[in-house]
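Please look over the sequence and the structure below, and then read on for a short report about a sheet and some charged side chains.

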Amino acid sequence: EVVDAYAAVAENKGLQIYACIDADVPDQLDGDQSRIRQILNNLLNNAIKFTDFGRVVLRLKVLQRDTGCVTLQWQVTDTGLGISQSQQQRLFEPFYQVFSGHCAGGTGLGLSICNRLSQLMDGQLRVVSEPGLGSSFSLILSMPILEGVLPGVNDLQLRTTPVYVRAPVNELAETTCAWLNRWGAHALVAPQGVINTSAGTVMVDLLPGRNGPLEWSGARVMGVPGAGQPEYTADGWQVGLH
């Protein structure tokens, strides 16, 4: 939902934006959803603000899982201006601004608030960055796992016919394959060139405008930014990427 909210701003700047969520993230957790959202909103907003070309990616990874508890890492990575080591030392201070002359402006309070919120949730906010190579901010939290599954999502049972997934970056295709396989499909990253199709084979085409031409005569599902309800077009089904 957070990525979807910022997708239009990123696309207008010509940036790729997408999310990769580990397929083994537990269905339900006991945590402060609004505070996590507040932190991610700030991190994504900053990443887009200070990135003029390339991509912004949100990743959610399982770092450790024990009986009844999981440690997760939300990571927002960009290909923007980057931050020097000396500036990183003061990054979470109130009113400190790394790019004080940048046209994007701001108060310098966002990261300070995010850092405090992460501490109040017994978590950590970390940064890895290098000037000219972009930045990576990580929120690390441990949370209790709740029983139960997500209704309408994890009770899916897809057919085992092949599903090919195509994306401009391999990690997005691989993550989507992992989720499709979790739901029972036989998903594969689409190879280059002509693909042999069998009855019932589906192509999932993520960000098709960035993937180049496609020779495909079978069923097709296109994941595009900003799409509303699934809609059937002459090129296949069009659905929201996020």
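## Salt bridges and a mixed sheet

Arg210 has 36% relative accessibility and therefore counts as partly exposed, a class between buried (under 20% relative accessible area) and exposed (over 50%), with a 1.4 Å probe and protein chains only. This is a predicted model, in which local features need pLDDT of at least 70 and side-chain atom pairs count only at pLDDT 80 or more, while totals for chains, interfaces and linings use all residues. Residues are numbered from 1 along each chain as its sequence is written, and side-chain values use heavy atoms, leaving out hydrogens and water.

A salt bridge here is a side-chain nitrogen of Lys or Arg within 4 Å of a carboxyl oxygen of Asp or Glu, and the count comes to seven. Three of them are listed here.

| Pair | N to O distance |
|---|---|
| Glu11 and Arg210 | 3.9 Å |
| Asp205 and Arg166 | 2.9 Å |
| Asp205 and Arg220 | 2.7 Å |

Salt bridges that share partners join Arg166, Asp205 and Arg220 into one network; Asp205 and Arg166 are buried, and Arg220 is buried as well.

Helices (H or I, at least four residues) and strands (E, at least two) are DSSP runs, numbered from the N terminus, and two strands pair if DSSP finds at least two bridges between them. Six strands form an open sheet with mixed pairing, in the order E7-E6-E8-E9-E11-E10. Strand E7 (186-189) and strand E10 (231-233) stand at the edges, each with a single partner strand, so one side of each has no neighbour in the sheet. Strands E9 (residues 219-224) and E11 (residues 236-240) pair in the parallel sense over four bridges, and Met222 has Gln238 in E11 as its bridge partner.
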